[in-house]
Amino acid sequence: MNETERHISVWNHFLTMVADIVEPQKFQNWFTKVRPVSLVDSTLTVEVPSDFVREYLETFYLDVIKKTLKRVIGADAKLIYLVRAVKSQPAIQVPAAAGTAPVNREVNIPFAPVGTPSPFAYPGMQKVRINPNLNPVYCFANYIVGECNKMGYTAGTSIAGAPGKTSFNPLFIFGGPGLGKTHLAQAIGIAVHDRFPELVVRYITGHDFKMQFVDAVNVKNKLNDFLALYKKIDVLIVDDIQDLQSPGAQSAFFSIFNYLHQSGKQLIFTSDRPPVELENFEARLLSRFKWGLSVELLHPDYNTRLQMLQALCRREGVTMGQEVLEYLASHIKTNFRELEGAFLSVMAYATANHAENSVELAARVADKIVSNPVRELSIGRVQSAVCEYFSISTEELLSRSRKRQILQARQIAMYLCRTLLPNCSLSTIGAQTGNKDHATVLHSCNIVSDMMTTDRVFKKYVTDLESQLSPAE
């Protein structure tokens, strides 16, 4: 037998023996998805389509796999999985019965420390390895594009082709939780790494940047080293920039921002709100956030949610009925994160209980994630409740009418959206309330707050609607 084909023969023998032990449908669903790659001494390497498939085999068939391999290969038999969860990325090597996270590529850069003890001492050169902190799963190949994020995607791909050379610098991505801000920001960083490997990319959260600053100042007394390191970065991605609420850290970040921007380096930020709504930030920093492009990621529509679920099936190497996918896409509307959680919950429950994926199972999962899928709170539901309460039409509420009753109802609707939907930005509320700008929404909210303190009847209007819209305890 040709030595290069030995692993195929061994794997086929293994499958023949397993087929006599495992029930046919389970054997077809899980073992036939595995492909032999190589056999070196007593170590067999196989490729699985996703880490989900690997976990399933390890959870439910570990004893069967171990005993059968020993019978086929010998007592020293070992198994290694190649997990190819992302087609555009190299496979992740995982030893059997052990899970490891992918290791991101690090970058070597020269680093000259500053602030030497003597002004006559020449600073030496020190090599520093900066971890990009990029997750290869968050690549553009896995990013689902729809009307909710098309503008952000277009800007991101433009930046990836010419980092620091477009008008989108900085790029400020904002939106509610689970809408793909981190994915988009990291996808840009990964694409830059692929196209320009000589550039230094760094992803960090606002909170971690703040903690690194505190550590550099209070513990190591190396603020100059901290600043010098960040000024060596070509593409700086700061996730959840709203968490950078330390005056000292903001001052240091302002210095880094200015240096990188003036040097033609790319800056990318994400936030749960637009720059104009960031609180406890220096005015000079806020003004710089507005220099480039601010883009909002919106809630995904039905078609985008369905595309994401279909992509998850391909990524995880599993099969789920179209009617199940359509049910999840119809009922989990809030964000991508909850949708992915529902998908994985359905798969996990079905595999753990050896049950089929079904609409009934999807419904049980959806009920646990969304307390009331039909009546989940949204801007539209708030507006409908206000219109019903004041006996006006939605068209009147969203119009430019200045009639007292309609204007008052419109202001209350905007106030309730801001207080009951904290993840909705003022810009989003205004856009869905007759295309008002964020300043109009803020002004309306302030008016309602003031009137509630002086007008008991007006306050009753607001509290009645809050009770009606707030979920029951």
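Me: Does Asp41 count as buried or exposed?
Reply: This is a predicted model, in which local features need pLDDT of at least 70, side-chain atom pairs count only at pLDDT 80 or more, and totals for chains, interfaces and linings use all residues. Residues are numbered from 1 along each chain as its sequence is written, and side-chain values use heavy atoms, with hydrogens and water left out. Buried means under 20% relative accessible area, exposed over 50%, and partly exposed in between (1.4 Å probe, protein chains only). Because its relative accessibility is 65%, Asp41 counts as exposed.

Me: In which loop is Asp41 found?
Reply: Asp41 is not a glycine, yet it has a positive phi of about 55°. Most residues other than glycine have a negative phi. Strands are DSSP runs of E with at least two residues, helices are runs of H or I with at least four, and both are numbered from the N terminus. Asp41 is found in the loop between β1 (35-40) and β2 (43-48).

Me: What is the relative accessible area of Asn280?
Reply: Asn280 is not a glycine either, and has a positive phi of about 60°. It is found in the loop between β10 (266-271) and α10 (283-289). Asn280 is exposed, and its relative accessible area is 57%.

Me: Which peptide bond is cis, with omega near 5°?
Reply: Most peptide bonds are trans. Pro170 lies in the loop between α5 (150-161) and β7 (171-174). The cis bond runs from Asn169 to Pro170.

Me: Which residues make the contact between α8 and α9?
Reply: Helix α8 (residues 223-230) and helix α9 (residues 247-262) pack at an angle of about 35°, with their axes 10 Å apart. Axes are lines fitted to C-alpha atoms, for helices over the stretch in contact, and angles run from 0 to 180 degrees between N-to-C directions. Contact means heavy atoms within 4.5 Å. The residues are Phe226, Leu227 and Tyr230 of α8, with Ala252, Ile256 and Leu260 of α9.
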